[in-house]
Amino acid sequence: QVQRVESGGGLVQAGGSLRLYCAVSGRIFSIYAMSWYRQAPGKQRELVAAITSGGSTNYADSMKGRGTISRDNAKNTVTLQMNSLKPEDTAVYYCNVGVVLTGPLRYREVWGQGTPVTVSS
């Protein structure tokens, strides 16, 4: 019912930048918060950044000042621009989108398939 596509991960040297992209489509009536999470090997999944439907943003302390989350409500997309990347940013990054689906209306949280980010020192 909902298709999601993530892209933008990869290998980058410390100090470099990456831009993550997530798009959702399908039987969507509306979208609420859109977020990025990450999970490093052996660690729990953690919130990196979030943006509400009104554009308010929230960042993990580890990403403040280095990341920018944005969304395009017309295209149902969310992006995360990450700068000054550090080796400790290495993880699989997942987008998470709160959607209301049509027929009948119901709320679901949709996870992306994950895109790996590796930052070399």
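Reader: Taking two strands to pair if DSSP finds at least two bridges between them, which strand pairs with strand 4 over nine bridges?

Author: Strand 9 (residues 91-101) does, running antiparallel to strand 4 (residues 28-39), where a strand is a DSSP run of E with at least two residues, numbered from the N terminus. Within that pairing, Ser30 stands opposite Val100. This is a predicted model, in which local features need pLDDT of at least 70 and side-chain atom pairs count only at pLDDT 80 or more, while totals for chains, interfaces and linings use all residues. Residues are numbered from 1 along each chain as its sequence is written, and side-chain values use heavy atoms, with hydrogens and water left out.

Reader: And what about strand 4 and strand 5, how many bridges there?

Author: Five, again in the antiparallel sense, with strand 5 covering residues 46-51; Tyr37 stands opposite Leu47 in this pairing. The hairpin of these two strands has six residues between them, and Gly42 in it takes a positive phi near 80°.

Reader: Changing topic, where is Glu6, and is it buried or exposed?

Author: Glu6 lies in strand 1 (residues 2-7) and is buried, with buried meaning under 20% relative accessible area, exposed over 50% and partly exposed in between, for a 1.4 Å probe and protein chains only. It has no salt bridge, the nearest side chain of opposite charge being Arg4 at 7.4 Å. A salt bridge here needs a side-chain nitrogen of Lys or Arg within 4 Å of a carboxyl oxygen of Asp or Glu, and Lys and Arg count as positive, Asp and Glu as negative, with His and the chain ends not counted.

Reader: What does the side chain of Glu6 reach, then?

Author: It reaches the backbone nitrogen of Cys95 at 3.0 Å. Setting aside residues up to four places away in sequence, Glu6 also touches several others, including Tyr21, Trp36 and Gln113, where contact means heavy atoms within 4.5 Å. Trp36 itself sits in strand 4 and counts as buried, because its relative accessibility is 0%.

Reader: How many aromatic pairs turn up in the whole structure?

Author: Three, counting rings of Phe, Tyr and Trp (its six-membered ring) whose centres lie within 6.5 Å, with planes under 30 degrees apart called stacked, over 60 edge-to-face and the rest tilted. Tyr32 and Tyr107 have ring centres 6.0 Å apart and planes at 70°, so that pair is edge-to-face. It links distant parts of the chain, since Tyr32 is in strand 4 and Tyr107 in strand 10 (residues 106-111), 75 residues apart.

Terms used
Helix = DSSP H or I, 4+ residues; strand = E, 2+ residues; numbered from the N terminus. Polar contact = N/O pair within 3.5 Å; in protein donor to acceptor, adjacent residues only side chain to side chain. Pairing = 2+ DSSP bridges.
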